[in-house]
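Please take me through this structure one selection at a time. I have it open in a viewer and would like to know what to pick next and what is there.

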Amino acid sequence: MGRAEGSEIQRWRRYARVAVACTGFAGLIACAETPNIDTRGPNVLVIVADDLGFSDIGVLGGEIPTPNLDALAQDGVLMTNFHVAATCSPTRAMLMSGVDNHRAGLGNMGEFLSDSQRGKPGYEGHLNHQVRTLATTLREAGYATAMAGKWHLGTEPEERPHARGFDRTFALLEGSGSAWSDLSAAPLIGNR
């Protein structure tokens with residue numbers, strides 16, 4: 001680890017209270033107090049990793065070296081009661097909205113909707129507009145919001161990250177894709 005990386009980690013360790021939510025995947029939420037006094041509250045960073053077991057990261061006793069995540073979590077609060085769905089986008093919908101995945105429109109992944117589910121409430125196959133997102137709430141409170149990585153909560157313009165509260169994005173809209181392949185869905189890059 002270089003000096004610049006080490007000092008950045010030290011800065012996060014000094015200012016961070018960290019919560020880790022894990023059950024079948026890991027979400028790391030870091031609320032960092034800014035050095036400047038800000039009446040809105042802390043900065044919020046959410047890191048979600050699909051297909052990660054409860055104890056895969058070091059802070060939870062895993063065998064995989066995760067020194068940067070461990071450094072963020074060392075002085076934090078460990079939360080272990082986040083419930084997940086069987087697949088990634090329904091779980092992401094719950095994390096993004098704070099409600100059950102059926103209420104958020106992803107009772108099942110859009111790619112796997114059966115004929116009996118298609119068109120039924122709770123099975124829209126995308127994050128529906130009956131729920132608010134964490135990003136919308138934060139943006140309305142005066143925060144700048146950004147997201148990078150897999151979205152997998154809808155591909156139509158009104159379902160994309162910008163429409164759901166994110167000011168800036170670098171998002172893979174599809175569930176399966178690669179930022180490194182011309183054959184996959186191109187990332188959505190932009191500002192609101």
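The tour below goes from the surface to the core and then to the charged pairs.

Keep in mind that this is a predicted model.

**Stop 1: a surface patch.** Select Val44, Val46, Val48 and Leu134, which make a nonpolar surface patch of about 270 Å². Now colour residues 43–49, which are strand 3; this strand gives the most to the patch, with three residues. Val44 is found in strand 3, and its relative accessible area of 38% makes Val44 partly exposed.

**Stop 2: the core.** Hide the surface and select Ala93, Met96, Ala104, Leu127, Trp151, Leu153 and Phe166. The largest nonpolar core has 14 residues, and these are the ones that touch the most other members. Then centre on Ala93. Apart from neighbours within four places in sequence, Ala93 is in contact with Gly98, Ala104, Leu106, Leu127 and Leu153.

**Stop 3: the salt bridges.** Side chains of opposite charge can pair when their charged atoms come close. How many salt bridges are found in the whole structure? The search finds two.

Select Glu140 and Arg132 for one of them: their side chains meet at 2.6 Å, N to O. Glu140 is exposed, at 57% relative accessible area, while Arg132 is partly exposed at 44%.

Next select Arg139 and Asp167, whose closest N and O atoms are 3.9 Å apart in a salt bridge. Arg139 lies in helix 4 and Asp167 in the loop between strand 5 and strand 6, so the pair ties together parts that are 28 residues apart in sequence. Arg139 is partly exposed, with a relative accessible area of 24%, whereas Asp167 is buried at 19%, because buried means under 20%.

Notes. Residues are numbered from 1 along each chain as its sequence is written. This is a predicted model: local features need pLDDT of at least 70, side-chain atom pairs count only at pLDDT 80 or more; totals for chains, interfaces and linings use all residues. Side-chain values use heavy atoms; hydrogens and water are left out. Patches are made of residues with over 30% relative accessible area and no salt bridge: like charges are joined within 9 Å, nonpolar side chains (Val, Leu, Ile, Met, Phe, Trp, Tyr) within 5 Å. Accessible areas come from the Shrake-Rupley method with a 1.4 Å probe; for residues, only the protein chains shown count as cover. A salt bridge is a side-chain nitrogen of Lys or Arg within 4 Å of a carboxyl oxygen of Asp or Glu. Helices (H or I, at least four residues) and strands (E, at least two) are DSSP runs, numbered from the N terminus. Buried means under 20% relative accessible area, exposed over 50%, partly exposed in between (1.4 Å probe, protein chains only). A nonpolar core is a set of buried Ala, Val, Leu, Ile, Met, Phe, Trp, Tyr and Cys residues joined through side-chain atoms within 4.5 Å. Contact means heavy atoms within 4.5 Å.
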